[in-house]
Structures are given as structure tokens and as C-alpha cells.
Amino acid sequence: MGRQKLITASVALATGAALALAAAPATASPQQAPSPAPAPATLAASAADSLVGSAGKAGLLRRSDGDALKRTGVVQGTRGLQYVTYARTFKGLAVVGGDVVVTTDAAGTVKDTAVAETAAIAVGTTPKISAGQAAATAKAKLAKVDSAGTPTLKVLAGADPKLVYEAVVEGRTAQNKPSNLHIFVDAATGVVVDEVDYVREGTGSGYYYGNVTITTSGSGSSYSMTDTTRPGLRCGGQGGTAYTGTDDAWGNGSGTNLETACVDALWGAQREVDMFSSWFGRNGILGNGSNPPIRVGLADVNAYWNGSYVNFGHNQANTRQATPIDVVGHELGHAVFQNTPGGAGSGNENGGINESTGDIFGALTEAYANSPLDPPDYQVGEEVDLVGAGPIRYMYDPSLAGDPNCYSSSIPSTEVHAAAGPLNHWFYLTAEGSNPTNGQPASPTCNSTTVTGLGIRKAGEIYYNAMQSKTSTWKHSGVRTATLAAAKNLYAPSCAEFNAVKAAWAAVSVPAVSGEATCTTGTPTNDFSVSVSPTSGSVAAGSSATTTVATATTSGSAQTVALSASGLPSGATASFSPASVTSGSSSTLTIATTAATPSGSYPVTVTGTGSATHTATYTLTVTGGSSGSCAGTNGTDVSIPDAGSAVTSTITISGCARSASATSTVAVNIVHTYRGDLVVDLVAPDGTAYRLKSSSTSDSADNVAATYTVNLSSEAANGDWKLQARDVYSVDTGYINTWTLTL
């Protein structure tokens, strides 16, 4: 795809015009002009301040003695929504993870409140270690330290709040990757309790966009790749200064030419700035009218955002620069994530959400630009030949790159780029649905349902507004809550958007959150709920257990609800008295076991069927019974292609009379000449993937011989379990030798 024509650039000139207002005719008695109505931001701030200052809201806001909340800004969303942000202090110390966001409409009516903190703070404020000790601990986290700030005493919120030093060190990791690391050192013990790296890495290609017009600056014989109409936006080499020239024609179309890389990067960044302005009303990437600078020529197969600028390298073959529009959009998306309420956040699950946010804004920018040379899609870096393996990620089916499609308890410990899978999948389903008719690919759902999409712009508006109520402790449950609230607040009285967002979350296995928004229009739909009390019981094999199944009418009129149970252990039977009830009434569930019922803990699903289907879970523990075999081994060799697609080896479990356990083990033996190339997952019968091993360019040892402990308590034991292995880098080869699964 070499293009030898010059890629030209033109200077965009801004012109202004004065608007003349005709003077009003004189009158005998001058009239006083009416006072202008307060601006939405003013109304929002007043309403939010009133809520935050209310003594009755101390519990909602996790307030404690010595605690103070200070308003830090009012962010404008779309359709009149306003987001008022607050930072927390405790006895004068800044609280990390103590932020609050209050959402209002344009009239100042409070709609939602997001609170990052999970527990009120009660800690001492006198450290037992010095700032110097904290600094030394922080510096030891990097292989090479370029700079280190003086540690600052703060409070780290969470389930167990702590007095900490925050130390910031910049340099390189042991893998020689750039790092801008924020380390939180316990001020009592000197132990590192949390850390977050502001460098967010990604990868991409250097595919070009032909003859495009980019906004630069200069005149005569002096020009610069600096966009003065989008403040802060410029592109140059590793020194940080913009490229300059004697004319306003840039690059030569070559994949190795860095001016050409800047043309691609500037063009893509300008489209992203315009997309945010046109579609979401955001003023620049940073939200304050400013934008990060761009650097190219990074001597690495990589691209990243480091908290101050974006930097782009090249592919492994060094034939293309990593500057296609979706990669540029991805890296600048990290800047948006950092410069919205809650900041860059911390924790692995939050990091996966950050990576997915980059992918989402990359896809939105690609859709906005709509270039015929790179048509909009939901593949990430699809132009790049990074290691000869095609796209980096697939938003419509993350499993195509070995990433999880569905949320599970493994996500918080999954490598952040792979952990982007569930949120990427949710965004695609919200935008396009599971079976698009516009040429986009079909997308599998984790619950085998059909989802109808809203279109990418509407999906983007919902996610962008959800981000305005983001907190520093955002997890998938928080994203679900925020997007449902955004859909309801943006499009009321319609519930179509809300229902699509909710269906997409269910389709990627993110469960409902207590207190999340609901949406109803017109005549309430008849609906009900199901619950059990007690929720668990223990019996000796051969005995019976009972629980009360309660129903309630949640909307509309009462209806008949038929009851059933599933997930029973072998030899057990369930009966209901009565077998069906009118919603609002109760039934008694009796589970009878036999002497042959295996010992174990069994989640029994109680299902109520009426105009809709609802479930509740009763956990039955059987003691003194027989125990069945819930393990298997596959010793058939399976070759793993070099830098190729994923391969699988299957173990079928058919005689296990219980669910899988929280301490299931996977013993893996893979023969390979460079195990760092390998990504290994366990795939459950329902398609949920559990990451066992991520790739690592620094792990050059041979072979994988390890036993992994995995929490599979949410999975049924019986069915086809697959060990999935993928070689993501070229040169080395190997094969799956044998593996054993014990559930």
C-alpha cells in the first residue's frame, strides 16, 4: 500500500465578524431589563452544594468527623445534563478515592450521586515512617528512575482506609517500558498498598490516509506542524517540539517517514477533537479547551499516553508507524479518561476499563472521520502487522484475540488490555446489536439473547455522559450503574435506550446492581420479583430442607407465577406447595435428598415464570453423602502455530454431581521454546474465559509447567471445558502436552 504522492497540508485561518445591534427607540419612561435566568452550571452547583452540605446526606456521602468536600468543577454533558465534582479531605489531607459527583439537569434538579468511597474514614494522621523512606520504596519499583517527586501525605480510601504517602516516580520498568508511576506507601508500615501507572500503553499501525488537509500554522517560508485552532495540539519528534518546514507540504507517503506519521497522527487527532465537540460538546481532549501534544519516532513496538503527551512507535517489522486513526483515538482516549471526574483511577479492573475507553473513543473517531481508506469498524489496529497476527482486539467478539467476551470474577486479575473485552463487547452490542443489518459482523452474547443496537453515536453519547459521573474506584458495576442512569437522564421519557443498555450489560454477564436506575413509560408493565428465605441450608444426605419462596408485584397488576427449581444434585427432588402463586403470595420449597446424594454445596436456581421470568438462588449443602469424580485429563498433543490463531484441547466432564468449586485447579504442561509468547485461558462450557497466563516479552524460559487455582463457583461442572492457547509473537513454537482439570 505504498503511496508516493506528497501528503499536503493547508493552514486553516479563522475569521471573525462583528454583529451590529440596532439601538432601541427612545421611550418616555425607561424600562429595566429583566434579569437573565441563572446558567445551568450555576443552578447545578447550587443544588449540588445544598446536597453535599446537608447533614442528612452524611451517610450517602460517607462523611465522617474531620471530613470535608470541596467543589472542584461543573462539567457540561449533553442534553442539558450537568456534573458537579467534589474532592474530599480528611483533617486537611487529600483523600485518594474520596471523590463525589452529583448529576443534575439544566434546571438544577439532582438526578444521581456517585460516591467513590466505600467506608467512612477514621485514621490517625501522624506517620510512623519518613517521606524519605517512602521515596526509597517508590524508587525501587522502577529499574531506571529519571525523576522522583517528594512524597505527599494523603489518605487512601477503601474498605480499610489508610494514611499513606503518595510518591511519583518517572523512568523505565524492568522491561524497559516508560513509566509514570504513582506509588501509595502505608505511612505506618512502609508497605506499598496501591499503585497506578499513568502511562497507558497500546499498539497500532502506520497505515496512511492519502492526500488530506491538516491544520498547521505559519506563512511565507516558515511553517510548523502546530494547530493553533486546537490549542496544545502539535506533532514532532521525541524532543517534544513540532516539526517545521519551509513550505506547508508534509511527508512523502512512506511508512518509515516521521513527517508522514505526524500527518496521520494530526489528521486523526483533529478528527477526534472535532468529534468530541460536535457530538458531545466537549471542549478539547482535556475538556478545558486544550489538547495534548503528539510525538512520533518512539523506538519501540508500541504507543502510549504518559499523562502529559501521546507517543507513537512502529510495528515489529519497522515498516509502518503506529498512527492509524483508531490507535491515535485510543491513546488520546486515555487522556479523556484521566481528565474526566475520577481521574486515571487505580486497580486492574479500572485499568481494563481505561483500555476499553481508549478502544471506544478510537472506534467513535474512526466512525466520525468515515475515511474510505479506513472504513469504520470495531477492530482495534486492524491495519497493523504488529507480529503478523492481524487486529489487536475485536470489540464485537473479543475472544477472536483470546480476550474474554464476558465479565467474570477473573476480570480484576486479568491483564488490562485483555480485561477490556467485556466493556468493548458491551459497547458494540449497545451500538450495533447482536445481529446488525448494516454490514457490521454478528456478535455472540453470553446469555444467548438478541440485542438491538442504538447506533454508534447514541451509544457514544451514553458512555461519554456516564464518564462524567465516573469515580476513581470505577469497576464494571459502576459503569453499568452510570450508563443506565445516563440513558435514562438523556432520553426520558423514552425507555428504549435504557432497555438497550440494560440488555447489553446482561449480554456480557455484568449483573444488576442494587439501587441502579429503573425506567418505565406509560402504563406500567405487569412484573414481579422472586426471593427465598433463608437463602441457604445444610442437610445430611437422605434428609430434606425447606425454604420460603416469596413473590411480590413490582409493577402493574398481580399475576400468576409458576415455580420450578433447577441445579439439584443427583438423587434430590424439589416440590413446591403450592406449585404456582399469585404475585404477592408465598410458597414452600422442599428439597428431598437420598443417601446416595453426593456431599457438596449446590446453588439451586428457583425460577418464577409469568409475564416475565425471574430467579433466586438457594444454596443447598449436603453432608455425609457419596462423592463423585469431578476431574479429567487430556494428554493428546495439540500444536500451537507460531504467531497464529488460538488452539484448544478439550476435557469433557459428565459425571460431576455438583457445581465447580471456588478452588478449582488447572494443571498445565505446554512444551514451548519461549513461554512468554503464550496466552493461556480456560474456557468454561458456557463460553466464559478465565485467563490463566498472559504473554510477557521478558519471560524467555522454556515450557509452561504450572498449576493454576481458579474460582469457578459460578460455573456448572458438567460439559466441555477447553484449554485455549495462543502464540502472540513470532519465531518460537510448541504444543499443548497435557493438562488436568479438577473442579
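Predicted model: local features only at pLDDT ≥ 70, side-chain atom pairs only at ≥ 80, totals over all residues.
**View 1. Helices α7 and α8 crossing.** Helix α7 covers residues 456-467 and helix α8 covers residues 476-491. They pack at an angle of about 115°, and their axes are 8 Å apart.

**View 2. The residues between α7 and α8.** This one zooms in on the side of each helix that does the touching. On the α7 side, the contact is made by K458, E461, I462, Y463, N465 and A466. From α8 come V479, A482, T483, A486, A487, L490 and Y491. What kinds of residues make up the contact of α7 with α8? They split into 9 nonpolar, 2 polar and 2 charged.

**View 3. A salt-bridge network around D67.** Start with the background: side chains of opposite charge can pair when their charged atoms come close. In this view R63, D67, R88 and E117 are linked in a network of salt bridges. One link in it runs from R63 to D67, whose side chains meet at 3.3 Å, N to O. D67 also forms a salt bridge with R88, with the closest N and O atoms 3.0 Å apart. D67 has a relative accessible area of 9%, so it is buried. R88 comes in at 2%, so it is buried as well. For context, a search of the whole structure turns up 18 salt bridges.

**View 4. D681 and R691, a salt bridge between two strands.** The side chains of D681 and R691 meet in a salt bridge, at 2.6 Å from N to O. The pair links distant parts of the chain: D681 sits in strand β38 (residues 678-683), R691 in strand β39 (residues 689-693), and they are 10 residues apart.

**View 5. N634 and its neighbours.** N634 belongs to strand β34 (residues 631-634). Its relative accessibility is 16%, and the cut-off for buried is under 20%, so N634 counts as buried. What does N634 touch, leaving aside residues up to four places away in sequence? Its contacts are S649, T650, I651, N737, T738 and W739.

**View 6. The disulfide between C235 and C262.** A disulfide is a covalent bond between the sulfur atoms of two cysteines. The count for this model comes to 3 disulfides, and here C235 pairs with C262, their sulfur atoms 1.9 Å apart. The torsion about the S-S bond is about -80°, so this disulfide is left-handed. The pair links distant parts of the chain: C235 is in strand β17 (residues 233-236) and C262 in helix α3 (residues 258-280), 27 residues apart. Both ends are tucked away: C235 is buried at 0% relative accessibility, and C262 is buried with a relative accessible area of 0%.

**View 7. The disulfide between C406 and C446.** Now for a loop-to-loop link. A disulfide joins C406 to C446, with 1.9 Å from S to S. With -100° about the S-S bond, the link is left-handed. C406 lies in the loop between β24 (393-394) and α6 (421-432), and C446 in the loop between α6 and α7, so these two distant parts of the chain are linked across 40 residues. C406 is buried at 5% relative accessibility. C446 has 19%, and the cut-off is under 20%, so C446 still counts as buried.

**View 8. The disulfide between C495 and C519.** C495 is joined to C519 by a disulfide, S to S 2.0 Å. With -90° about the S-S bond, this link is left-handed. C495 lies in the loop between α8 and α9 (496-507), and C519 in the loop between α9 and β25 (527-533), so the pair ties together parts that are 24 residues apart in sequence. Both C495 and C519 are buried.

Conventions
Residues numbered from 1 in each chain as written. Heavy atoms only, no water. Salt bridge = Lys/Arg side-chain N within 4 Å of Asp/Glu carboxyl O. Buried < 20%, exposed > 50% of the residue type's maximum accessible area, 1.4 Å probe, protein only. Helix = DSSP H or I, 4+ residues; strand = E, 2+ residues; numbered from the N terminus. Axes fitted to C-alpha atoms, helices over the stretch in contact; angles between N-to-C directions. Contact = heavy atoms within 4.5 Å. Nonpolar A, V, L, I, M, F, W, Y, C, P; charged D, E, K, R; others polar. Disulfide = S-S within 2.5 Å.
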